[in-house]
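Trainee: I have a structure open and would like to learn how to read it. Could you walk me through some features?

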Amino acid sequence: MTLKTAPKTRPRPQATSKTMPATRQRRQPPSLEMQLDRVTAVLKEALERQDLAPFYAALRRTDLPFFTARHLDDSRGIARTCFDILQRLAGLSPAVGLAIKNHLYVTAALATFPKAVPGLTERSRSLLSRVAAKRLLVVNTSSKVHADRLGTLGTRAVPDGKGYRVHGTASFMSLATQGDLLFFLTLVEDAGLAVFVIPLKGRQDVEIGPLLFPRAMVDSDTRKVVFHDVFLPADCLLAIGAGNLMSALMTFQMSWHQTLLAALSLGAAAGAIEEARRFLRTVSGPGGQPLAELDGMMTDVGRLVIRYRAACSFVHRAGEQLEAMAGRALDPVALEQAFDFACAAKYTATECAEEVVTRARRIVGSRTFVGSQPLERLSQEVMFGPLAGEVHALIERRHGRRALGEQEFPPRRW
Ligand SMILES: Cc1cc2nc3c(=O)[nH]c(=O)nc-3n(C[C@H](O)[C@H](O)[C@H](O)COP(=O)(O)OP(=O)(O)OC[C@H]3O[C@@H](n4cnc5c(N)ncnc54)[C@H](O)[C@@H]3O)c2cc1C
């Protein structure tokens, strides 16, 4: 694992224990990797006890949700660190991984927005610094609702004096009861789409409703939200407009969303391969030979590993393309390509993860469901990967339409 944050400046020569007096020697803070080890152990126990409160308390004490604030001048490594965090957490619970993914994708997008809207970079930096300083968890909703017309937004805002008023319902908000800061998308009358940011804890006017998925995906804490005529002061507005810039910002944050959804799904795939490994090494065939030594088992697992690795490469590349856009002038063509790439990575990785988990389950057999085996949880939750984020029919159509256009296939950039 390569959990490292890129240094902001060229490293200075370090004082060593030989050159520094004992009284001046300070203990180094634990590396992100060590923090991830600890928090993963807490999550394991919390899942067994069916009480995630200790996990969230432990997570907030680490730098893991807040590392992006250290990348304001150098975006390199953001995607890789997000992947490492999500791989480990989703390897135990894809539902928890999905909840944390929402915080990570919003903060990663804030840290890497291309230069597009005047003032947005400064606003994003200040938000990220506040998130890190106060150790806040971020949630978001696109205000989508399940209606008889696809893509319906359930909330509306209207200008009101020095601010806006918003009312209505959003069907989905993951990490809901842990969230401190809510980013939400809504439609403002006569002005177009807008993104607002508001504090969430302890409010009466934003009602956090029941679990949307009350069985399989409980630990994603995905809930309905109702806005009861909420007054939003003007400084809660992050971006607004009906034009190309707003659509570019939406596309950019969606690209991070797809990429990190892919990453967490691959965490589930990795967790399943690990469960297959444990089983195959500890159980022997009738002849006394560990199943892991059977040639057929090696090739079966090898196939899974190759698929997993191929999807990982795809997802890493999607993430690197996004972090490379940080602070640069917005290039609409490059953004569109990065979005398509991120969607294709999400499509590939979520479907790959579902298949890897299914095949690992067939290797382990019915003991998957005896007691509380990790593979049982992975089996139930991994299927949500393809259902979350961009709808697969849309991804397929966009890729198909482009491939069947006037330009020769394959396009140069792929
Ligand atoms: C576990 C989970 C957690 C989530 N958390 C959040 C969150 O925190 N915040 C948030 O904003 N959102 C969240 N979402 C919502 C997510 O971002 C997507 O909006 C949602 O998953 C889209 O899936 P849907 O089934 O609701 O799509 P729908 O739009 O209802 O589509 C249903 C089906 O219709 C078909 N279909 C849809 N569109 C088309 C089309 N254009 N062409 C052809 N067929 C089509 C497809 O078969 C599709 O599966 C979450 C979703 C899940 C599953």
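Mentor: Gladly! Keep in mind that this is a predicted model. Let's begin with a pair of helices: A353, E354, V357, A360, R361 and V364 in helix 8 meet L375, L378, S379 and V382 in helix 9. The residues of this contact divide into seven nonpolar, one polar and two charged.

Trainee: How do I read the way helix 8 and helix 9 cross, and at what angle do their axes do so?

Mentor: In general, two packed helices are described by the angle between their axes and the distance between the axes. Here, the axes of helix 8 (residues 332-364) and helix 9 (residues 374-382) cross at roughly 145° and come within 10 Å. Their crossing is left-handed.

Trainee: Thanks! Which domains does the protein chain have?

Mentor: The assignment gives domain 1 (31-137), domain 2 (141-241) and domain 3 (244-403). Between domain 1 and domain 3, the C-alpha centres lie 19 Å apart. In their contact, 31 residues of domain 1 meet 38 residues of domain 3. On the domain 1 side, helix 3 (78-92) and helix 4 are the elements that give two or more residues. By class, that side has 20 nonpolar, six polar and five charged residues.

Trainee: And why does the ligand's shell lie between domain 2 and domain 3?

Mentor: Both of these domains give residues to the shell around the ligand, so it lies between them. The ligand is surrounded by 21 residues, and the closest are S142, F172, S174, A388 and A393. Helix 4 (94-112), strand 1 (138-141) and helix 10 (392-403) each give two or more residues to this shell. Its classes are eleven nonpolar, nine polar and one charged.

Technical notes. Residues are numbered from 1 along each chain as its sequence is written. This is a predicted model: local features need pLDDT of at least 70, side-chain atom pairs count only at pLDDT 80 or more; totals for chains, interfaces and linings use all residues. Axes are lines fitted to C-alpha atoms, for helices over the stretch in contact, and angles run from 0 to 180 degrees between N-to-C directions. Helices (H or I, at least four residues) and strands (E, at least two) are DSSP runs, numbered from the N terminus. A crossing is left-handed if the near helix is turned anticlockwise from the far one by less than a right angle, and right-handed if clockwise. Two residues are in contact if their C-beta atoms, placed from the backbone, lie within 7 Å. Ala, Val, Leu, Ile, Met, Phe, Trp, Tyr, Cys and Pro count as nonpolar, Asp, Glu, Lys and Arg as charged, and the others, Gly among them, as polar. A residue is near a molecule or strand if its C-beta atom, placed from the backbone, lies within 6 Å of it. Domain bounds come from an automatic or database domain assignment.
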